[in-house]
Amino acid sequence: MKTSIKNIFTILAVLTFSISFAQKIDGVVTTDQNIPLEAANVVIKGTTFSTITDSEGRFSIESQGKLPLTLLVQYIGYNTTELEITAIPASPLLITLREENKLVEVVVSSRRRIEKVQDVPIAVSVVTGKQAEAAGAFNVNRIKELVPSVQLYSSNPRNTGINIRSLGSPFGLTNDGIDPGVGFYVDGVYYARPAATTLDFIDVEQIEVLRGPQGSLFGKNTTSGAFNITSRKPSFTTGADFELSYGNYAFLQAKASITGALGKKVAGRLSFSGTQRDGLIDNIATGRPTNTLNNQGFRGQLLWTPTENTNITFAGDLTTQRPDGYAQVVAGVAPTQRAAYRQFDAIIKDLNYQLPSLNAFDRKIDHDTPWRSGQDLGGVSLNIDTKIGGGTLTSTTAWRFWNWDPSNDRDFTGLQVLAKSQNPTRQTQITQEVRYAGQLTSKISGVGGVFFIDQTSQTDGTEESGNAQWRFSQSTTSPLWKTPGLFEGYGIHTDARIRASSAAVFGQIDWAVTERFHILPGLRYNFDKKDASYSRKTYGGLQTTDPALLALKKSVYSDQAFDSNTDNTDFSGNITLTYKASDKINIYGTFAKSYKPVGVNVAGLPTNSAGQPMTELAVVKPEKVYHYEVGVKTSPFKNSIFNLTFFNTDIKDFQTNVQAAELGVNRGYLANADKVRVRGAELDASFVINSHLTINGAATYTDGKYVKFTNAPLPLEETGAPVAFKDVSGTELPGASRWAGSLGGELSDKARFFGNAGKIFFAADGYARSEFSSSPSASKYLVVQGYAIFNARLGFRASQGLSIQIWGRNLLNKDYYEQLLPAGGNSGQYAGVLGDQRTYGVTFKYSL
């Protein structure tokens, strides 16, 4: 015990104090008009050592005792400057940044050190906070229009899946029992709930989208990629930004951020974002529009610099969402293989009901159950960075929560089929990551660390039948189905709990065999444990002792309970070879063996012929991933980037979602497909034609298939067939478009506005994707047709003072679906998640 206590104090001492014999490098950063640049970023290349300039453009940074070194100096809107230092200068360096008439070379921290994105042997796309703001990309769903390798599907925040290269989350309803394949990190903190991707960004500095497995660089293992989001940090220089947007449908968005010194060694930053908008779909039953926006969020940060080598950041955030929204509109009716009287059209005819419209893009519903999608997400974190030797030791501790309070109309009609469908959830998580990143020897650098997460999730759900349930559930011609009140108020209360813990050791080194040729091996050891319990109890309906009537009730809902406990270990890794053929060509190749942890079903299981839950389906085997990738990053001519990547991913025991026809399986259940394969190519390009015109584009080709899946669920139109499963081997994966791409450009010139120097600009961009299946088993009725949307903006921007832009989204008013999904019980009707129609507005921004 004494030894353990001693070790703990030793670690804490190392985290807090470090000794450096480095000399300081001083300098001044100005524009080509000799105007000091405040808050320019100055970085020692290949490390995490950085500083920012003060209000007079001055900076001071330690050499860390190692020469030669290279300084990277970066400021948004100006060209990055790279300066080699071979000796400590006797006088301050004079560094001039030229305004952006050349391609800005973005730096990233994807490999836990700061380096140029073109030097990183990873397929990574970068969207700066300013780019996202200019494009109106205030959440991940908008980012996918800028990075076409990203797909996000959301029928509501809980049922959100984020994929990269068509992999990451099962397509359809979310099940808490599995881990996402795409990691989502904000300031080094892992967010376990995909719902976080539906909320507004708050004061974002940069968004890095990494493709492919990332198990040896990040704490949480991710098989498909990761979002690495960085917030703007507190500054000792006082500053503020205020932004206000107004648009049609009463769109109103306000953002504010204030930063400055709170003491000699303490700085703070407080940021706010709020978004409101009227509904885009008319509910003729209530007389008011639905699918509104109502988001508010804030983030507060405190930076303490007790020594020159140590930064301690404490951060807290809270985001709330209270829309009247996420309603889906009936998009069509599929004839099933059930008897004629069990077809949707026959059912609603008998009930004297008619849909408010047969065209989903009339955007009319008559839903009688309120759509509620309330969620709260927040937490606190403590990050400690201390420089030791040639690297940085980082400790990130965080606690987070997510509360979900929904109400849904899962029959998508004005009939009381499902009078209630709601599964409120409470989730909490604790994470701890400790890692060291830096230069280990003259030829070897790397990162190594440990990670732990413990999360709990509890769902207390209710699903209740209404007075039309009998007709939708009717499976025989017996007159007993018409017994008055038999199903009205009949439902289930659900108690589903899961505790998931994961611990890992990970690391990767970069061995410079020669100056141009590097070998990068990475390893990871993971332990995962999941304990789950599921219980549901029936209630209500007609109180009777008649065995025949009880049997009918049981055919709709029945009691069910089961427990599942499982754990798993895994040893995985990757190796990358990279060769810098010239200053303009960087070639790399990667092989990675990765895995997604074991899963458990916590949303009900199908029943066997005896009416008992099929507990053999309670545990879902882990995915085993084998990934190959080759890429080339080039600058074929001055002020250009042209990157090309080819990839192939094979997954054994692919975790997929199955939507059962049983109402009692109220969120679908998880199963394993034997093998899937995704292969394709990606292109990223940016060109600065001259000082006035820039063009950028990205495209991806994806071929995703079930190589072997013999026990797939029946597609919607085959519901009622005499078999329970279907062999879909060789068919396309859901959500996988063959083609997706984006293209944009900006034309600008220098100008003055209200006395402020800046640029007047016109920018336009487009996003397109080809058709894709919207069902775990391909259904000809659940195919989302390809679409393209176009956006534009015109305005004036300045680094300080007033900026203004007029913007429009989906200017051609394209009607398109983002997702199609069957109604609960698979009666034949299916609904669509509609893309937004044309929107437009104006944005004002003022920076101090």
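Good morning. I begin with strand 1, residues 24-31, which is mostly covered, since six of its eight residues are buried. Buried here means under 20% relative accessible area, exposed means over 50%, and partly exposed lies in between, with a 1.4 Å probe and protein chains only. Strands are DSSP runs of E with at least two residues, numbered from the N terminus.

Some notes on the source. This is a predicted model, in which local features need pLDDT of at least 70 and side-chain atom pairs count only at pLDDT 80 or more, while totals for chains, interfaces and linings use all residues. Residues are numbered from 1 along each chain as its sequence is written, and side-chain values use heavy atoms, with hydrogens and water left out.

As to confidence, pLDDT is the predictor's confidence in each residue, from 0 to 100. The chain has a mean pLDDT of 87, and 94% of its residues reach 70 or more. Over residues 1-21, however, pLDDT stays under 50, and the model has 17 contacts beyond four places in sequence for this stretch; contact means heavy atoms within 4.5 Å. Residues 663-667 also have pLDDT below 50, with 32 contacts in the model beyond near neighbours in sequence. Where pLDDT is low, the predicted coordinates should not be read in detail.

Let me return to strand 1 and its partners. Two strands pair if DSSP finds at least two bridges between them. Strand 1 pairs with strand 4, residues 58-62, in the antiparallel sense over five bridges, and G27 stands opposite F59 there. Strand 7, residues 93-97, runs parallel to strand 1 and is joined to it by five bridges; V28 has L94 as its bridge partner in strand 7.

I turn now to two serines. Is S407 buried or exposed? S407 counts as buried because its relative accessibility is 3%. This residue belongs to strand 27, residues 391-407. A polar atom of the S407 side chain lies 2.7 Å from the backbone oxygen of P370. Beyond four places in sequence, the contacts of S407 include W371, R372 and Q422.

S775, by contrast, is found in the loop between strand 45 (772-773) and strand 46 (783-784). S775 has 8% relative accessibility and therefore counts as buried. Its side chain places a polar atom 2.7 Å from the backbone oxygen of S777. Apart from residues up to four places away in sequence, S775 touches F171, P734 and L782. Finally, S775 and Q819 are 44 residues apart in sequence, with 9.3 Å between their C-alpha atoms. Thank you.

Key: Helix = DSSP H or I, 4+ residues; strand = E, 2+ residues; numbered from the N terminus. Polar contact = N/O pair within 3.5 Å; in protein donor to acceptor, adjacent residues only side chain to side chain.
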